[in-house]
Amino acid sequence: MTSSQQTPEPHGPANGKAADHAHGHTHSHGPAEPVSRHLRRVIAAVLIPFATAVLAGLVVLWPGGVPGHERTGVGFDRQTEDGRVVKVEQVDCKDVNAAQVPPTGDTSTPEGREAVSSQQGTCARATVEVTTGENKGRTFIEIVQPDAPRQLHQGQGVVVAYAPDAPRDLQYSVADVDRQFPMALLAGIFALVVVVVGRMRGVAALIALAISFAILTLFILPAILQGSNPLIVAVVGASAIMLIALYMCHGLSARTSVAVLGTLISLLLIGLLGSLFIGWASLSGNTDDNTGLIHGLYPNIDMSGLLLAGVIIGSLGVLDDVTVTQTSAVWELHQADPTMGPRRLYQSAIRIGRDHIASVVNTLVLAYAGASLPLLLLFSVAQSGVGTVANSELVAEEIVRTLIGSIGLVASVPVTTALAALVVSADRPAGTAAAGAGNGRSVVRGGRGRRRKR
């Protein structure tokens with residue numbers, strides 16, 4: 001090798017820094033794939049059959065649309081139109097019969113006190129115009145009590161519930177306010193921030209997010225409604241989301257493949273634990289008005305299976321973050337010191353993983369607690385003991401969901417770290433050669449130079 005092909009390396013303790021310097025230009029483009037063809041074949045032998053099985057599951061279980069049913073007019077199962085508040089007048093609540101005091105005159109109950117309070121205030125009489133549908137232009141009156149959580153003002157857009165079988169004067173009512181514009185604006189700001197900060201990686205993340213949402217709405221939900229096993233549908237759908245999101249956001253590489261394997265193993269663990277403890281704790285999954293309505297409309301749906309499907313899908317997003325972080329940590333450690341064996345790589349990366357575990361588990365618990373905060377407030381008002389609260393099915397569902405998801409997250413750290421350490425160490429000789437050739441330099445080991453050509 002001529003002098004133009006090789007630059008002498010410093011000897012002694014500086015060789016670690018030299019190895020780092022040799023990789024100076026690779027960090028901005030992500031770590032290189034393992035050189036070993038054999039290792040790539042092993043990874044492909046695992047992932048290709050898995051991806052093929054997921055694709056076959058999508059084809060076999062694809063629903064082709066949401067099954068029809070007769071509308072009940074209850075909750076979300078109502079026919080709706082758009083509307084607009086054209087006029088708001090202040091009137092005495094007594095004049096519009098805003099609330100009826102119990103015939104017995106009993107005001108000791110919360111309902112009786114609320115009725116008296118409603119009659120003593122000033123109500124808003126809103127005139128609402130229907131702006132879509134076959135009765136476009138028709139108006140109706142909506143009475144809003146003074147203590148109502150949602151007040152109406154002139155010019156406000158609203159969502160109007162339509163009951164065609166009701167008497168003409170009662171066919172329309174205000175179901176909700178129209179908040180599409182602020183939500184669309186917030187989504188636009190989110191997309192802009194992701195693209196500005198993440199650039200092309202951010203664009204890929206947004207595309208993966210859109211595909212994930214499409215799989216959820218076009219496959220998972222309709223397939224469950226058509227009576228397919230919710231657990232199988234969730235596993236297939238979550239696996240498809242995982243493959244698309246990880247490879248689209250992080251590239252088709254061995255590092256991403258290890259993250260996929262770690263996520264898959266963790267999802268299987270979550271599925272097994274969820275199936276065991278949801279059945280053992282006798283959780284029906286039918287705990288509120290929405291789940292009761294779903295069960296009433298589609299009695300063939302396995303509600304406990306639906307609960308388990310929610311646990312799996314809810315854990316997937318955080319699992320992706322943990323597994324990708326751990327594989328990246330192992331790859332970066334290997335680049336910094338290619339002489340590290342699998343045990344040292346694992347020991348170094350697991351220390352990073354322990355910090356990640358603490359923050360992620362806390363995040364997951366607080367997310368579930370925040371979603372259940374109104375329910376927890378009700379139990380606090382009732383002054384129920386911790387055991388009574390935890391034993392109720394509403395709270396027990398969230399506890400089981402949180403703990404199972406957290407176990408899967410914690411387990412994903414050592415599993416993914418061990419897989420990544422084994423994979424990257426299996427290519428240590430070839431990887432070291434590539435490191436030395438990266439800038440036309442040699443790699444020094446034990447005070448002796450070992451030169452390899454590109």
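Biologist: What conventions apply to the model, and how many helices and strands does the protein have?

Modeller: The model is predicted, so local features need pLDDT of at least 70 and side-chain atom pairs count only at pLDDT 80 or more, whereas totals for chains, interfaces and linings use all residues. Residues are numbered from 1 along each chain as its sequence is written, and side-chain values use heavy atoms, with hydrogens and water left out. Helices (H or I, at least four residues) and strands (E, at least two) are DSSP runs numbered from the N terminus. The secondary structure comprises 13 helices and 7 strands.

Biologist: What percentage of the residues of the protein is buried?

Modeller: Buried means under 20% relative accessible area, exposed over 50%, and partly exposed in between, with a 1.4 Å probe and protein chains only. Among the 454 residues of the protein, the buried share is 37%.

Biologist: Which residues in H12 does helix H6 meet, and how do the residues of this contact divide by class?

Modeller: H6 (residues 254–280) packs with H12 (residues 393–426) at about 150°, the axes being 8 Å apart; axes are lines fitted to C-alpha atoms, for helices over the stretch in contact, and angles run from 0 to 180 degrees between N-to-C directions. H6 is therefore roughly antiparallel to H12, the cut-offs being under 35 degrees for roughly parallel, over 145 for roughly antiparallel, 65 to 115 for roughly perpendicular, and oblique for the rest. By class (Ala, Val, Leu, Ile, Met, Phe, Trp, Tyr, Cys and Pro nonpolar; Asp, Glu, Lys and Arg charged; the others, Gly among them, polar), the contact of H6 with H12 has 16 nonpolar, 7 polar and no charged residues.

Biologist: How many charged residues does the contact of H6 with H8 have?

Modeller: The axes of H6 and H8 (residues 303–336) come within 8 Å and cross at roughly 150°, so the two helices are roughly antiparallel. In this contact, 14 residues are nonpolar and 11 are polar. The number of charged residues is 2.

Biologist: Which residues of H5 make the contact with H6?

Modeller: H5 (residues 230–250) and H6 have axes within 10 Å that cross at roughly 155°, which means that H5 is roughly antiparallel to H6. On the side of H6, the contact includes Val260, Thr263 and Leu267. The residues of H5 are Met242, Leu243, Leu246, Tyr247 and His250.

Biologist: Is threonine 263 buried or exposed, and which residues does threonine 263 touch?

Modeller: Threonine 263 lies in helix H6. Because its relative accessibility is 0%, threonine 263 counts as buried. Not counting residues up to four places away in sequence, threonine 263 touches Met242, Leu246, Leu316, Leu319, Asp320 and Thr323.

Biologist: What is the distance in space between glycine 341 and valine 424?

Modeller: Glycine 341 lies in the loop between H8 and H9 (342–371) and is buried, with a relative accessible area of 17%. Glycine 341 and valine 424 are 83 residues apart in sequence. From C-alpha to C-alpha, the distance is 9.1 Å.

Biologist: What separates the C-alpha atoms of alanine 163 and glutamine 79?

Modeller: Alanine 163 is in the loop between strands S4 (157–162) and S5 (172–177), and is partly exposed at a relative accessible area of 34%. Alanine 163 and glutamine 79 are 84 residues apart along the chain. Their C-alpha atoms are separated by 7.0 Å.

Technical notes. Contact = heavy atoms within 4.5 Å.
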